Amino acid sequence: MSAAKCETGWGDSLSTEAVPAWTDHLTPLALRAIDPPPPGEGKRKASRPAMPSKLAISYQKVTKSFGSLRAVDDVSLDIAEGEFVAIVGGSGSGKTTLLRLANRLIEADGGAIMVEGEDVRNADPVALRRRIGYVFQSGGLFPHLSVADNIGITPKLLGEPAAAIAGRVDELLELVQLDRASHRDRLPEALSGGQRQRVGVARALAAKPHIVLMDEPFGALDPLTRDALGEDYRALHRSLGLTTVMITHDMTEAILLADRIAVMRGGKMLAQGTPAELSSSGDAYVLELLRTPRRQVERLNALLPQSGAA
Amino acid sequence: MSLLSDPRWGEALSHLADYLGNHVRVSLAALALGLAVSLPLAILTRNRPAPRGILLALASIVQTVPGLALLALFYPLLLAAAAVTLAWFGVSFSAFGFLPAMLALALYSMLPVLRNGITGLNGIDPALIEAAKGVGMTARQSLVMVELPLALPVMMAGIRTAAVWVIGTATLSTPIGQTSLGNYIFAGLQTQNWVFVLFGCLASALLALAVDQLLGLIEGGLRRRSRLRAGLGAAGIAALVVATLVPTMGRSSQGYVVGAKTFAEQYVLSALMRDRLQAAGLSATARSGLGSSVIFEALKAGDIDLYVDYSGTLWANQLHRTDIKPRAELVAELKTALAKENITLLGELGFENAYALVMPRKRAEALGIRTIADLSAHASTLSIAGDYEFFSRPEWAALQKAYGLQFRAQRQMQPDFMYAAVASGEVDVIAGYTSDGLIAKYDLVTLDDPKHAIPPYDAILLLAPKRAGDVRLRTALQPLLGKIDIATMRDANLRASGNDANSSPDAVARWLWGKIKQ
């Protein structure tokens, strides 16, 4: 472990054991769900604080319209510090709008949004965005900048010295498990989809945010890469003590990664809670969303022998 | 004599530093001004469709104005502006040469820069602009760090197009008094010196290519983030500017500037006057190829010091007179009128270069035509050609009115081609010039003007207001007054229309001085 890593703050709280070695055991998504959970994963739901001690993000009766369309309609949602919340919904459900309201990429029409106890309306939007990590759909990497320059962009905007940024970039490449020598100076076009998204995650983490917003981060990836990336991010979320809000249209992914799931449809918040709480929901749409992963599990169980080498 | 061993290449080369230097300076200044205006406009209007549309429409309209006309329009525009600033602020500026050429060319460069700038900036994936905002960039940082670098290839393509256009169009700035590589082309066309024409075209094409390649080098450097490449390109452009400044700085003040209009006789006479001034120990240069309407204003404003005009031209165009007076009386009246504007009419050179209707001798005899009155009976079956200004001049109106002339067709031609055209039967009659040597060469006759519809056109020497009391200048020019008769001038013009080394204006001017001294 390099000295630079220890100097930069949360590097020391991080041990290599906290990060699962990925490419070695790529486990198909559905199979992992039916396997007995690995020892660390079992504690996942239990680690969630029973009483939300402090709120990282709080949406209070938030509305946002685009013309005559009510994209977000009277939505309230609390996200505690350290929590991993997935917002699930189809296209046009308002989930992306809700996410972008948190760092003022979009301004709300009504209601209030608190981030770490402060009303975002009182925050400088640029400073707010610099302290909240944001992972874009399919990366959103700047095509004219190298991997290192993409990752280091927010620290650069914050005026950190070049040497510190370089050290930070190396540390982040290790964190997202990209070989620094072969990736540092590449342009995004020379990366695979999965590698791009890893760089996207590294960029979001570069300024050491407490909160990370993710807009369908793994949506465009093949299932194996998607699973590996999801699990790796989940491990980072825990080891770094992040608060994460992730948008997805995939209920299976939401169940596997998130502590809590919020379901949106037509700009309204239909239900929110743990997967178990959701399954007791009375809403037909929520139940329909939960039915798909169940069906997949049953079908896979029937098709694959239980003792299959996984 | 082969084309390559022609001594006129050497003569052309001797002007290169001056012409190329001026050409580079006016082109690059225009391009820099065009960029300084267009790039911010492209950036400001990139998200505003309405002003963007208006801007692009305006730039497109400018582009449809022919380059020569645009350049010519800027001259009276600036003259008016100079008059206003003089009246309001007590300061005046020269509306001649560099300034109007630079402004017109800058305007000309705007369309490709604007259009490509806007296209480049609008073509960026909105997700990337969102990402720039998301990672915490301000609008300005997003522009500088993301949008401009991504739009760069398209923007640079526009800048390179503009550079090539401006360098090409700058050859047309010669008639408004800006020395450029166009001096070769205009002089070459007027004196049938194809070596000059070719030289001017080659030089401006090579310059355009060189600047385009240097800009390409800068573009590549910016795109690959290579300081070396971008630096080399920028250094190349800078070197070009410095190299063109050195010869000018080496030369002291230009001294007396002798003006010349755009035809061979004027080139010869300006060379003759320049030689006389230099022989008297005065520093002098010739400024050739000036438009007929530009040159008088340039003299009045002091941008040139002396030139030869024709009494009838000033009578009609400056005094707006339509009546006709005998030669001597007209010159005397003109002298008084010009003196009111502090312009000195030093005297007549001795010959007249009037418009005259000209036909092949044999054809005229066959049809029994000796005068314009005889011609009018046949006019409806004949065609006439004139130079670019003749048909809009008062003389033509006067001719039509006096003789009731109605031709079957009328055409405009480069003056030097008219004589060959009428000799070959391409047209039946031309409005030629009485002093032209080609009249004898092609065995043409000038038709008499019994009703005196065309005023006399004595060649007269004019001095700028600031040179009114200049005794050395007057003394140097004195030997020329009244010494050039029509036969001598025709001979000189015939020599100048030849296509060999002895036909350059400088060589003919030396021959002419030899005749005058006798």
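In chain B of this predicted model, the axes of helix H5 (residues 126-134) and helix H6 (residues 139-169) come within 10 Å and cross at roughly 140°. Axes here are lines fitted to C-alpha atoms, for helices over the stretch in contact, with angles running from 0 to 180 degrees between N-to-C directions. H5(B) and H6(B) are therefore oblique to each other; angles under 35 degrees count as roughly parallel, over 145 as roughly antiparallel, 65 to 115 as roughly perpendicular and the rest as oblique.

Some reading notes come next. Residues are numbered from 1 along each chain as its sequence is written, and chains are lettered from A and ligands numbered from 1 in the order in which they are written. Local features need pLDDT of at least 70 and side-chain atom pairs count only at pLDDT 80 or more, while totals for chains, interfaces and linings use all residues. Helices (H or I, at least four residues) and strands (E, at least two) are DSSP runs, numbered from the N terminus.

**Helix pairs in chain B**
- The crossing of H5(B) and H6(B) is right-handed, where right-handed means that the near helix is turned clockwise from the far one by less than a right angle, and left-handed anticlockwise.
- B:Leu128, B:Ile129, B:Ala132 and B:Lys133 of H5(B) make the contact with B:Ser142, B:Val146 and B:Glu147 of H6(B); two residues are in contact if their C-beta atoms, placed from the backbone, lie within 7 Å.
- Helices H10 (residues 264-279) and H21 (residues 505-517) of chain B have axes that come within 8 Å and cross at roughly 65°.
- The crossing of H10(B) and H21(B) is right-handed, and the residues that meet include B:Leu272 in H10(B) and B:Trp513 in H21(B).

**Where the chains touch**
- Chain B brings 14 residues to the contact and chain A brings 13 residues.
- On the side of chain B that touches chain A, H5 and H6 of chain B are the elements that give two or more residues.
- H5(B) supplies the largest share of that side, 6 residues.

**The nonpolar core**
- The largest nonpolar core has 229 residues, and those with the most contacts inside it include A:Ile87 and B:Val166.
- Such a core is a set of buried Ala, Val, Leu, Ile, Met, Phe, Trp, Tyr and Cys residues joined through C-beta atoms within 7 Å.
- A residue is buried if 20 or more other C-beta atoms (placed from the backbone) lie within 10 Å of its own, exposed if 12 or fewer, and partly exposed in between.
- B:Val166 touches residues including B:Leu31, B:Leu105 and B:Tyr108, not counting residues up to four places away in sequence.

**Buried and exposed spots**
- Helix H5 (residues 95-102) of chain A is mostly covered, with 8 of its 8 residues buried.
- After H5(A) comes A:Arg104, whose phi is positive, near 60°.
- A:Arg104 lies in the loop between H5 and strand S4 (110-115) of chain A and is buried, with 20 other C-beta atoms within 10 Å.
- B:Asp443 has a positive phi near 55°, but counts as exposed, with 10 C-beta neighbours inside 10 Å.
- A:Leu213, in strand S7 (residues 211-215) of chain A, counts as buried with 25 C-beta neighbours inside 10 Å.

**Confidence**
- Chain B averages a pLDDT of 87, and 97% of the residues score at least 70; pLDDT is the predictor's confidence in each residue, from 0 to 100.
- The model scores ipTM 0.79 and pTM 0.71.
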